[in-house]
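Keep the sequence and the 3D view open as you go.

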Amino acid sequence: MRSQLIDHPYPPTKIMWVPDYNGVMPDLFATSGEYLRLWEINSATGGVALRAELTNSKESQYAAPLTSFDWNMDDPSTMGTCSIDTTCTLWDLSKQTIKTQLIAHEKEVYDFAFAPGVFTFATAGADGSIRQFDVRDLAHSNILYDNQNQVPFVRLVWNRTDPKLIATIMMDSNKVTILDIRFPSIAFQELSGHNAFVNSVSWAPTSHYHISTAGDDAQVLIWDISGPQYQAPAVNNILEPILTYHAGEEITSVLWPISNPEWIFISFGKTAQLLKV
């Protein structure tokens, strides 16, 4: 059922609800495009109002487009954005001001994700690297992985039940690369069961070891990375998915929700589906 339409000057690159698992905050969601926008839903009328329009550019009304953002689940007043101008920006949403801004990569930054907690985040760049930052010392970063061919990384997802693991997607790749922050510069595991480009990945919210992937081959695959290969890098160990679902069309998104871990949400074409795990 369609309840509201909102005008967005440019196509949004990401949309995200406020991480409010106790249900005490206003009904907020954010979108990224040429600006970071915060929206609020009026619980009484159902109307949607623009609450804030934030730009990371201080010198011009024309800001570099934002490619992605993440809302800190442990501190909802903090959000991080990334941009094609190589920068990342940390925002204080309670004051609607910039906490800090840094040059994160040598080329465009395509994704940004907070680790569990309030101090650590990671970024994915067009320079082919995944980098880890600590907000207490932003003058330095750790290069977690740097592929030799400089193929851009376009997505990264932190495992919130096991924060040492990060799942990443390279541009135009049929593989998902799992990184272990204990072993920088090494691909901890590669999941290569797709027959076309991978578009989305989501960790299980209640398990260290399970992850779902979806791609242009119209498949959703569920993997179990437990076992001997979980203890040390084992990229040569070939894993097979434990569950497979075929949607019939290219799948653009997969989500394993924290609130209902027995379900997986996918979207393709004009369709959204819930899959029982």
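Predicted model: local features only at pLDDT ≥ 70, side-chain atom pairs only at ≥ 80, totals over all residues.

**Exercise 1.** In which loop does Thr86 lie, and is Thr86 buried or exposed?

Residues are numbered from 1 along each chain as its sequence is written, and side-chain values use heavy atoms, leaving out hydrogens and water.

*Solution.* 
- Step 1: Thr86 sits in the loop between β6 (78-83) and β7 (87-92); strands (E, at least two residues) are DSSP runs, numbered from the N terminus.
- Step 2: Buried means under 20% relative accessible area, exposed over 50%, and partly exposed in between (1.4 Å probe, protein chains only).
- Step 3: Thr86 counts as buried because its relative accessibility is 16%.
- Step 4: Leaving aside neighbours within four places in sequence, the contacts of Thr86 include Leu102, His105 and Val109. Contact means heavy atoms within 4.5 Å.

**Exercise 2.** Where does Ser185 lie, and is Ser185 buried or exposed?

*Solution.* 
- Step 1: Look in the loop between β15 and β16 to find Ser185.
- Step 2: Ser185 has a relative accessible area of 54%, so Ser185 is exposed.
- Step 3: Beyond neighbours within four places in sequence, Ser185 is in contact with Ile143, Leu144 and Tyr145.

**Exercise 3.** How far apart are Ser185 and Leu138, in sequence and in space?

*Solution.* 
- Step 1: Along the sequence, Ser185 and Leu138 are 47 residues apart.
- Step 2: In space, C-alpha to C-alpha, Ser185 and Leu138 are 20 Å apart.

Terms used
Helix = DSSP H or I, 4+ residues; strand = E, 2+ residues; numbered from the N terminus.
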